[in-house]
Amino acid sequence: MIPNNKIIAKTVESVQQSKYSTTQLAALLSMDLEKPLGIILEEVEENTAQGVKVEELSDAGSAYSSPFRDQLVGLKVAEVMGTDVTAMAFDDVMDCIINAPSPVNISFEVEDDGEDEDDAAGVATFEVGTAIQIKVIQEGNPDKIIDAKVGDNLRKTLLDNKVELYRGLKKKLGNCGGGGQCTFCAVDLVEDESEGWQARMDYENQKIPKFPTARLACVNNIQGPATIRVQ
């Protein structure tokens, strides 16, 4: 396993339809991956500028060692470093990836496969880019209100706003850099004070099973307004 791959997001359940070419688009899977990515791409439609999709993964690349490797094959690339590549030719997408710094922020389209249990239960969803606020509660510090947007990575948002996510020498030295491995970025989601957050991913259930309301900040994109507790 390559230790320095950085996984930056969980799927977000609502995306502005006009921005992407796929209809019934339900989510983006966004990741920060160190080079080499090990992602083998092909044209969505031969000889047309309709973007690219994942053909297969090389076990020598960082994508293969991510928690999402089983989901990636067949997905269309949506963005590279924030640039919409869904209507680009193959060579242009490759240029975006080649010219990008490492780690590369790359997002994939995830198509809607029907109503999920959370939607059926009436969980509200917010479009990517919606302005929301995150309330941060941390012992020893006054409560902090952070302005953020749906789709922003939770870990990056907290660090950018000077939240001390890694308290203590053990966490500082053991910080995996957002790779979803150390679990030191786990925060407690106060569910009755948060909106639009879907059930956490299976990967989190495996990594932090003793803390059912905790989320790994590094693998979660912000899904709506929230109150979180940080150790």
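Visitor: Where does Pro36 lie in the chain?

Guide: Look between two strands. Pro36 sits in the loop that runs from strand E1 (25-33) to strand E2 (39-43). Keep in mind that this is a predicted model.

Visitor: Which peptide bond is cis here, and what is its omega?

Guide: Read omega for the bond itself. Lys35 and Pro36 are joined by a cis peptide bond, with omega about 0 degrees. Another cis bond links Ser102 to Pro103, and there omega is about 5 degrees. Pro103 is in a loop too, between helix H2 (90-99) and strand E6 (104-111).

Visitor: Which residue other than glycine has a positive phi?

Guide: Met81 is one of them, with phi near 55 degrees. Find Met81 in the loop between strand E4 (76-80) and strand E5 (83-84). Thr183 is another case, with phi near 70 degrees. Its loop connects helix H5 (169-174) with strand E9 (186-189).

Visitor: Why does Met81 count as partly exposed?

Guide: Use the cut-offs: under 20% is buried, over 50% is exposed, and partly exposed lies in between. Met81 has a relative accessibility of 39%, so Met81 counts as partly exposed. Thr183 has 23%, so Thr183 is partly exposed as well.

Visitor: Is Thr157 buried or exposed?

Guide: Apply the cut-off again. The relative accessible area of Thr157 is 9%, which is under 20%, so Thr157 is buried. Thr157 belongs to helix H4 (residues 154-160).

Visitor: What does the side chain of Thr157 reach?

Guide: It reaches the backbone oxygen of Asn153, at 2.8 Å. Next, skip the neighbours within four places in sequence. Thr157 then has contacts with Ile146, Ala148, Asp152 and Ile222.

Visitor: Which residues touch the most other members of the largest nonpolar core?

Guide: This core has 52 residues, and the ones with the most such touches are Ile39, Phe108, Ile134, Leu158 and Ile228. Take Ile39. Leaving out residues up to four places away in sequence, Ile39 touches Leu33, Val54, Glu56, Leu57, Ala63 and Phe108.

Visitor: What lies over the face of Tyr64?

Guide: Arg69 does, at 4.3 Å from the ring centre. Ring-to-ring pairs are a separate search. Across the whole structure, that search finds zero aromatic pairs.

Visitor: How many helices and strands are in the chain?

Guide: Six helices and eleven strands. The chain has 231 residues, and 45% of them count as buried. Now look at contacts between residues at least 6 apart in sequence: 64% of these join residues at least 24 apart. Finish with the surface. The chain exposes about 11600 Å², and 47% of that comes from carbon and sulfur atoms.

Note on methods:
Residues are numbered from 1 along each chain as its sequence is written. This is a predicted model: local features need pLDDT of at least 70, side-chain atom pairs count only at pLDDT 80 or more; totals for chains, interfaces and linings use all residues. Side-chain values use heavy atoms; hydrogens and water are left out. A nonpolar core is a set of buried Ala, Val, Leu, Ile, Met, Phe, Trp, Tyr and Cys residues joined through side-chain atoms within 4.5 Å. Buried means under 20% relative accessible area, exposed over 50%, partly exposed in between (1.4 Å probe, protein chains only). Contact means heavy atoms within 4.5 Å. Helices (H or I, at least four residues) and strands (E, at least two) are DSSP runs, numbered from the N terminus. Accessible areas come from the Shrake-Rupley method with a 1.4 Å probe; for residues, only the protein chains shown count as cover. Rings of Phe, Tyr and Trp (its six-membered ring) pair if their centres lie within 6.5 Å; planes under 30 degrees apart count as stacked, over 60 as edge-to-face and the rest as tilted. A charge sits over a ring if NZ of Lys or CZ of Arg is within 6 Å of the ring centre and within 35 degrees of the ring normal. A polar contact is a pair of N or O atoms within 3.5 Å; within protein, one must be able to donate a hydrogen and the other to accept it, and residues adjacent in sequence count only if both atoms are side-chain atoms.
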